[in-house]
Amino acid sequence: MQDDNLPIWLPRLTVQGGTRFLQIADALQAAVANGSLAPGDRLPPQRQLAAQLGVDLTTITRAYDEARRRHLLEGRGARGTYVAAPKVELTSVLDLSMNTPPPPDGVDFDDMLKQGLSQVLMRTDSELLMTYHLGGGSDSDRKAAAQWLEPMFGHLDPEQLVVCPGAQAAIAALILALTQPGDVILAEPLTYPGLLAAASQFGRRIIAVPADEEGMLPEMLEQACRQHKPGLVYLNPTLQNPTAITMPESRRKALASTAKRCHVRMVEDDPYWLLADAPPPPIATFAPQQVVYISTLSKCLTPGLRVAFVLIRDPHERERFLVALRSFALMVAPLTAALTTQWILDGSAAQLMDGVRKEARVRHRMARDILAGRYSGAGDGLHVWLELPGYWSCAQLAHAAESEGIAVTPAQAFATGSESVNAIRISLGSIKDRARLRAGLQRLSHLLARRPESFSAAGLPQSQ
């Protein structure tokens, strides 16, 4: 039973009002908004408030935690909990340049993280979480990886999987394991910048293979293989970064056949498959011995996990890969690996991914409406590839957008050759708040409608 002497800001809890801890957090937020609570006001101790409301202590703890997440409260140690000063936004830049998952729709991520870590700590010896691990993941980690990849491949042998500290580390280790200094790596004319950076650091050459609206051309790949004798072919066939093209099944089969015929190893980097709407089977299903497959959780769950799964069927290549990986990244952090495994096995990862997928599609609809005829996305994934009107160059637009407080990525960041493409990539997940994303897209749309001459007075460069 609730105490009659409740704080004036706290409404009475009702069954119809929803989850109790959220009712309390919402009441706190409303009180701060209307001035009933001011910055510096001290809140009742948790046990006292629990007794007054007739709820358990956990409910109050969750309510205060939720209020902290909303930047409403701050703890001051033994002195108690106080209303926080308004959070100051230190930067006005609207970041449309980084491909990260949006906040998941309908998922309490903070609660999921706390619950997952609690389960990990309860079920795992803490010493095992704080020591060295070798071998590309524990048995349970690889079993979780096999479960995660089941939608793409069906049943997999966990022994063929390696757990890595992110896709970038996996790509670097594959380059070291399967190529030699000076070797050629074939890729599409526009490709993942992380590949370009790793190849440059390791002294490998990237050569572009022509592509069309369905991806890399098989006949041009065969010609390039004969001419350059490449060590690897790199592809990102689903919601390709940056063009957002999803390669159809017929093209995947043709490229797999070409790789087998030319006896060339292919790396299929597939971070967006689980976010796509009914994607075709991976290329690795058509050439299982020829293709190494990478699936990272950074793009469909959260970058903070730093976990990727690599499918390498050949045991000798798998061992070479592990040796290369250990030379610069000994292991995945055991705590995040254990959390990833916990989330996959208990269903939290699927729930989180479903929330990310739903939110991403809401954001694509927003981009389509605001960018009107310029939008060319697929309606899913994390980014849009925007071809520019002729009066803007991509470098010029990126500079002008920066002056307007918007960060975008110009085509040069993805170029493997000298071919000029006049476009930018817009990432839809990196701005947490939908209203701020809408403001950024609207500002960008207005910018696209203007001509660069109108910026010359501000000292911005004109196209060369």
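Is A244 buried or exposed? A244 is buried, at a relative accessible area of 8%, where buried stands for under 20% relative accessible area, exposed for over 50%, and partly exposed for values in between (1.4 Å probe, protein chains only). The model is predicted, so that local features need pLDDT of at least 70 and side-chain atom pairs count only at pLDDT 80 or more, whereas totals for chains, interfaces and linings use all residues. Residues are numbered from 1 along each chain as its sequence is written, and side-chain values use heavy atoms, with hydrogens and water left out.

A244 belongs to the loop between strand 9 and helix 11; helices (H or I, at least four residues) and strands (E, at least two) are DSSP runs, numbered from the N terminus. Although A244 is not a glycine, its phi is positive, at about 65°. The loop between strand 9 (232-235) and helix 11 (249-262) also contains P242. The peptide bond leading from N241 to P242 is cis, and its omega is near 20°. A positive phi is found again at H263, a residue other than glycine, with a value near 55°. H263 is located in the loop between helix 11 and strand 10 (265-269). With a relative accessibility of 69%, H263 is classed as exposed.

Strand 5 (residues 184-187) pairs with strand 9 in the parallel sense, over 2 bridges. In this pairing, L186 is placed opposite V233 of strand 9.

Another open sheet has 3 strands in the order 13-16-15, paired antiparallel. Strand 13 (383-387) and strand 15 (409-410) are the edge strands, each pairing on one side only. Between strand 13 and strand 16 (residues 423-427), which run antiparallel, there are 5 bridges. L386 is found opposite I424 of strand 16.

Side chains of opposite charge can pair when their charged atoms come close. The structure contains 22 salt bridges, a salt bridge being a side-chain nitrogen of Lys or Arg within 4 Å of a carboxyl oxygen of Asp or Glu. One network of salt bridges links D26, E66, R69, R70 and D110. A salt bridge also joins the side chains of E74 and R76, at 2.9 Å from N to O. E74 is partly exposed, with a relative accessible area of 30%, and R76 is likewise partly exposed, at 29% relative accessibility.

Helix 14 (residues 348-371) holds both R357 and D354, which are 3 residues apart, about one turn of the helix. R357 and D354 form a salt bridge in which the closest N and O atoms are 3.2 Å apart. R357 is buried, with a relative accessible area of 19%, whereas D354 is partly exposed, at 29%. R363 and E359 are also located in helix 14, where 4 residues, or about one helical turn, separate them. Their side chains meet in a salt bridge of 2.7 Å, N to O. R363 and E359 are both buried.

T59 is part of helix 3 (residues 57-69). The relative accessible area of T59 is 15%, and T59 is therefore buried. Leaving aside residues up to four places away in sequence, T59 touches R20, F21 and I24, contact being defined as heavy atoms within 4.5 Å.

Notes. Two strands pair if DSSP finds at least two bridges between them.
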